[in-house]
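Please read this short report alongside the model. It covers charge pairs, metal sites and a surface patch.

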Amino acid sequence: MRMLRYDLHCHSTRSDGLLTPAAVMHRAAAGGVDVVALTDHDEVAGLAEARDAAHEAGLQFVPGSELSVTWRGDTVHIVALGIDPQNEPLAAGLADVRAGRDARARRIGDALAHAGIPDALEGALTYVTSERLISRTHFARYLVETGHVRDLKDAFKRYLTTGKPGYVPHAWASLADALQWIHGAGGQAVIAHPGRYKLTTAQLRALIAEFRDLGGDALEIVSPSHTTQQYSDFAALARTHGLKGSCGTDFHGPGESRMDFGELPPLPVGVDPVWNAW
Ligand code: AMP
Ligand code: MN
Ligand code: MN
Ligand code: MN
């Protein structure tokens with residue numbers, strides 16, 4: 001039997017993606033994916049639509065989310081897989097995290113005005129596709145449109161990351177709370193794109209160890225954010241910490257993502273896939 005293709009990380013218009021939940025599922029199917037998780041930032045509102053579309057397209061659907069967490073002052077993302085979207089503590093926790101985004105967005109707007117870019121909040125809002133969620137991606141799209149930067153990457157590099165004029169610090173959920181919400185909702189917790197954080201090797205190991213001690217389940221190993229070398233490095237880290245492995249494109253939209261559906265290489269051999277128990 002052919003190996004199933006898993007893609008367990010992507011976004012829709014319910015957070016900072018460009019396609020509706022249904023359109024994301026149809027694109028995943030067209031790309032040859034068999035099992036797909038929709039993982040909008042701090043949000044589960046797209047899951048019902050995505051599930052119906054996935055089933056219509058013959059896909060196996062995994063309800064997910066990508067939770068924003070502050071760990072020792074740095075932002076890390078935890079992907080939740082197999083959660084019950086109706087779970088009350090999870091829904092309440094996510095609502096709290098989302099609520100913090102509005103005040104942060106106003107502060108980003110003020111910071112950009114200070115840097116000579118007026119009306120950025122209003123501009124970002126024209127890119128927002130869910131009244132429940134504004135993200136730095138929406139600011140980035142506005143900065144591209146107005147010619148302040150070349151592309152999204154440039155927007156983050158020059159304005160929206162730590163130390164840059166449009167960056168404002170923000171406290172997200174704690175790692176412990178995020179894991180409690182995810183497990184309480186019947187899900188598995190995955191450290192998203194571990195290679196993307198500006199952490200030292202020692203800090204990354206500390207994060208992984210603390211995550212494992214809190215009951216965390218897996219590391220996202222195969223991701224367009226990682227090099228081939230990092231696939232092996234994170235596979236080894238997962239094994240030594242007794243964690244499973246996951247994979248996902250982190251797809252946000254056509255032309256905005258490094259990999260499209262169906263382009264992920266397989267998990268390295270020796271990794272226990274997060275889906276083994278499904
Ligand atoms: P936020 O959760 O509002 O802080 O926004 C984080 C989102 O910004 C991520 O999920 C990515 O979609 C996007 N992002 C972060 N860094 C970059 C980058 N260098 N290039 C493009 N998008 C980025
Ligand atoms: Mn995003
Ligand atoms: Mn992320
Ligand atoms: Mn993501």
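A search of the whole structure finds ten salt bridges. A salt bridge here is a side-chain nitrogen of Lys or Arg within 4 Å of a carboxyl oxygen of Asp or Glu. Side chains of opposite charge can pair when their charged atoms come close.

This is a predicted model, in which local features need pLDDT of at least 70 and side-chain atom pairs count only at pLDDT 80 or more, while totals for chains, interfaces and linings use all residues. Residues are numbered from 1 along each chain as its sequence is written, chains are lettered from A and ligands numbered from 1 in the order in which they are written, and side-chain values use heavy atoms, with hydrogens and water left out.

**Salt bridges**

| Asp 260 | Arg 27 | 2.6 Å |

Take the bridge between Asp 260 and Arg 27. Asp 260 lies in the segment after strand 7 and Arg 27 in helix 1, so the pair ties together parts that are 233 residues apart in sequence. Helices (H or I, at least four residues) and strands (E, at least two) are DSSP runs, numbered from the N terminus. Asp 260 is partly exposed at 21% relative accessibility. Arg 27 is partly exposed too, at 29%. The classes are set by relative accessible area: buried is under 20%, exposed is over 50%, and partly exposed is in between (1.4 Å probe, protein chains only).

Asp 42 sits in the loop between strand 2 (35–38) and helix 2 (47–56), and Arg 101 in helix 3 (residues 88–114), so the bridge ties together parts 59 residues apart in sequence. Asp 42 is buried, at 0% relative accessibility. Arg 101 is buried at 5%.

Salt bridges that share partners join Glu 43, Arg 98 and Arg 132 into one network. Glu 43 counts as buried at 1% relative accessibility. Arg 98 is buried, with a relative accessible area of 9%.

**Manganese sites**

Which residues are the protein donors of the manganese ion (ligand 2)? They are Asp 16 (OD), His 41 (NE2) and His 252 (NE2), lying 2.1 to 2.2 Å from the ion. Donors are N, O and S atoms within 2.8 Å of the metal (3.2 Å for Na, K and Ca); water is not among the atoms, so sites may look incomplete. The donor spacing in sequence is D-x24-H-x210-H. Asp 16 is in the loop between strand 1 (6–7) and helix 1 (21–30), and His 252 is in the segment after strand 7 (244–247), 236 residues apart. Asp 16 is buried at 3% relative accessibility. His 252 is buried at 14%.

Glu 66 is in strand 3 (residues 60–71) and His 77 in strand 4 (residues 74–81), eleven residues apart. Both Glu 66 and His 77 are buried. The manganese ion (ligand 3) is 5.7 Å from the manganese ion (ligand 2).

His 11 is buried, as is Glu 66. The manganese ion (ligand 4) is 4.6 Å from the manganese ion (ligand 2).

**Surface patch**

Arg 150, Lys 153, Lys 157, Lys 164 and Arg 258 form a positive surface patch. Patches are made of residues with over 30% relative accessible area and no salt bridge; like charges are joined within 9 Å, and nonpolar side chains (Val, Leu, Ile, Met, Phe, Trp, Tyr) within 5 Å. Lys 153 is in helix 6 (residues 152–160). Lys 153 is exposed, with a relative accessible area of 68%.

Notes
Areas by Shrake-Rupley, 256 points an atom, 1.4 Å probe, with all protein chains shown as cover. Lys, Arg positive; Asp, Glu negative; His and termini not counted. Charge placed at Lys NZ, Arg CZ, Asp CG, Glu CD.
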